[in-house]
Amino acid sequence: CKPPVVREADQMEDDQCRDLALFTDVADAKADVWLTFWDPQQVQTAEPIYPSWLKEFRTKALQQLPEQEPIELAVVHSMVKRSPKMAGIGADPWRAREWAGLPLEGIKHFTDLLNTSEQSLRWPGQVLLNIVALIAKATPGQRPIALTSAVCRVYCGVRKPSLREWT
């Protein structure tokens, strides 16, 4: 017979394992549902698989790209300083506000990245990774939301005024 303390520890461990099993069952069931929407081969591949039409689409988009002034360092610096302190964290594990303390040389490199990406219509692969969270709805079911990278959020904030003029 085990001493009472050991029996209590075993019971607590059994309860934790049961809770973990329930959690993994729920997670597996959700994964099965979402895999019906996405090709499992693409989900498991590290390299993105682009559709065949994308190259032609990019070429035409580059031809139609309107002339814009390059993004300025001061605008990027202002945007990161105004970013929320408690924004959701994407796959890049940064909040844009954390970049406000960078020296201007760091903001310059970041600004160069934004300008290069805009001119080429191509983001670095790491920026394309999004985390999808499932939020419970009032009615049965769940709603997916994507947590994008802080890089994309800063870029969208910087270009938002010119986009408003365009629309």
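So, which residue stands opposite Gln142 in strand 2? It's Ala136, and we'll get back to that pair in a moment.

Quick housekeeping. This is a predicted model, where local features need pLDDT of at least 70 and side-chain atom pairs count only at pLDDT 80 or more, while totals for chains, interfaces and linings use all residues. Residues are numbered from 1 along each chain as its sequence is written, and side-chain values use heavy atoms, with hydrogens and water left out.

Okay, the strands. Helices (H or I, at least four residues) and strands (E, at least two) are DSSP runs, numbered from the N terminus. Strand 1, residues 131-136, runs antiparallel to strand 2, residues 142-147, and six bridges join them. Two strands pair if DSSP finds at least two bridges between them.

Leu121 has one near 55°, and that's in a residue other than glycine. You'll find Leu121 in the loop between helix 5 and strand 1. Leu121 is partly exposed, at 33% relative accessible area; buried means under 20%, exposed over 50%, and partly exposed in between, with a 1.4 Å probe and protein chains only.

Now the core. A nonpolar core here is a set of buried Ala, Val, Leu, Ile, Met, Phe, Trp, Tyr and Cys residues joined through side-chain atoms within 4.5 Å. The largest one has 16 residues, and Val76, Trp99, Phe110, Leu114 and Val154 have the most contacts inside it. Helix 4 (73-82), helix 5 (104-120) and helix 6 (150-166) each supply at least two of its residues. The largest share, six residues, comes from helix 6.

How do helix 4 and helix 5 cross? Their axes come within 9 Å, at roughly 105°. Those axes are lines fitted to C-alpha atoms over the stretch in contact, with angles from 0 to 180 degrees between N-to-C directions. So helix 4 is roughly perpendicular to helix 5, a label for 65 to 115 degrees.

Who meets whom there? On the helix 4 side we have Leu73, Val76, His77 and Val80, and among their partners in helix 5 are Leu104, Ile107 and Phe110. Contact means heavy atoms within 4.5 Å.

Last stop, His77. This helix 4 residue is buried, with a relative accessible area of 18%. Leaving out residues up to four places away in sequence, His77 touches Ala100, Leu104 and Ile107.

Terms used:
Angles under 35 degrees count as roughly parallel, over 145 as roughly antiparallel, 65 to 115 as roughly perpendicular and the rest as oblique.
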